[in-house]
Amino acid sequence: MGRVNEPPRLPEGSFAAWSRDRLALARRGADECGDVWQLEPGVYVAATAGPCEAVLHRAQDFPKPSSPLFPSLKRSSGAPTPAERVHARAARMRGLRPQAVAARVGEIAPGTARFADQWPTGLDVEILPLVRPVLAEIGVRYLFSEDAPILLPFAWQLFVAREVLVRPTRWVWPRWVPTPARRFRTRQQVAFTDAVRPIVRRRRSSGRFGDDVLGQMLRPSPRYGLLSEEAILDTLPGITLATFETPSRAAGWILLHLARYPRAAGRVAAEAALLPADPAATTSTHLDSLQYTQALVREVLRLHPPSWLLTRHATRQTELANYTIDAGSTVLVCPYTAHRDAREHPEPDRFRPERWLDDSGSPAKPGVFLAFGTGPHGCEGAALAMAMLTLLTAQTARCYHVSEPPGPEPGYQVTTFEGLATAGLRLRATVRG
């Protein structure tokens, strides 16, 4: 098939060359090649707000690929059907939509306060190992309520399995090859599923489903009816890990910005001073009052989206930004460069939380804010993640001045594989007067 307006190639645009410095070259490609550019034959990058929004909304042309992280376990009953997967997602969303999160803010806030309480003061400490267990406890408790203490150790092993599985290696094995990392992943997935199964059966037999996300999945739906036990168990490992793994990456960037922008941190602290002394008394009204804190979180996520590159595959020949994309081609959606589109964000490289307080800075405007994706497959846990990160930011700034260790080099390394993170980030907390 002939192409219409062959898109420009990124200079020295092989995937291998691009991988050596992904962020710099992604930005360079957006600056030099425009809205959409070709990385290599059959691979395109949607680099600015409009094309990114279009790809993510056009789920029929560019469907979200199934995640290979926790594939369905082999069972005699077979894997859940596509219809069951749709039903499972709808059931999860009943517990993850903004109204549901708002009703449970008082359960989220105590965990964020514990993070501030546990941070050793006056020492340069590595942040991600400190924040990740706190967010894991919050996320697992949000999903499973009183059953969370039983499941938390198994959830943590899912995270360990993920870290082993996504670790860069010299070899890329076909998915059917049972590598040691994949066998370890499967063992942890089976262990987690075996731990959840009796909880599912106990809740169903007693009729006390609970008001958490698992309880919502156990309730029959007027549209879909009762979700099978296997469909519930199949979907839980991925959503459990997602409640804390991605927010942990985001928290590293947020805490780094509290250290680098003390005036902004002071403004957050002033807002947080009005939160209840008892974190469990925090309500959605208190959360809504943290307007500048939410703006700061959103601005950090704009500059450093944890999921900075999303993959889609074209199911049929289609048009994108005046270019013809053949069926089977890969389109990489890059929120990192879309968020730096000067047409949408004046002074795009400048950290300016105030932009989200203006009427023109609404995150609902198409293409403006893609940190959680958008469209039919946007992040299910966006409302939960924003609540966790906003309250964590507020509680930290209320208690501490945060600073970086002295020295000419940053105390962290930016990693881009499987997400944008601040590996090895060290920060110091000093009690705020």
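Reader: What makes Arg 58 and Asp 61 a salt bridge?

Author: In this predicted model, the side chains of Arg 58 and Asp 61 come to 3.0 Å, N to O. The cut-off is 4 Å between a side-chain nitrogen of Lys or Arg and a carboxyl oxygen of Asp or Glu, so the pair qualifies.

Reader: Why is Asp 61 called buried, and why is Arg 58 called partly exposed?

Author: Buried means under 20% relative accessible area, and Asp 61 has 9%, so Asp 61 counts as buried. Arg 58 has 24%, which lies between 20% and 50%, so Arg 58 is partly exposed.

Reader: How do you know that Arg 249 and Glu 245 form a salt bridge, and are these residues buried or exposed?

Author: Their side chains meet at 2.7 Å, N to O, and the limit is 4 Å, so this pair passes too. Arg 249 has a relative accessible area of 8%, and Glu 245 has 8%. Each value is under 20%, so both are buried. Both residues lie in helix α12, four residues apart, about one turn of the helix.

Reader: What makes Arg 428 and Asp 124 a link between distant parts of the chain?

Author: Their closest N and O atoms are 2.9 Å apart in a salt bridge. Arg 428 sits in strand β11 and Asp 124 in strand β3, 304 residues apart.

Reader: Why are β3 and β11 said to pair?

Author: Pairing needs at least two bridges, and three join β3 to β11, so they pair. The two strands run antiparallel, and Val 125 stands opposite Leu 427 in β11.

Conventions: Residues are numbered from 1 along each chain as its sequence is written. This is a predicted model: local features need pLDDT of at least 70, side-chain atom pairs count only at pLDDT 80 or more; totals for chains, interfaces and linings use all residues. Side-chain values use heavy atoms; hydrogens and water are left out. Buried means under 20% relative accessible area, exposed over 50%, partly exposed in between (1.4 Å probe, protein chains only).
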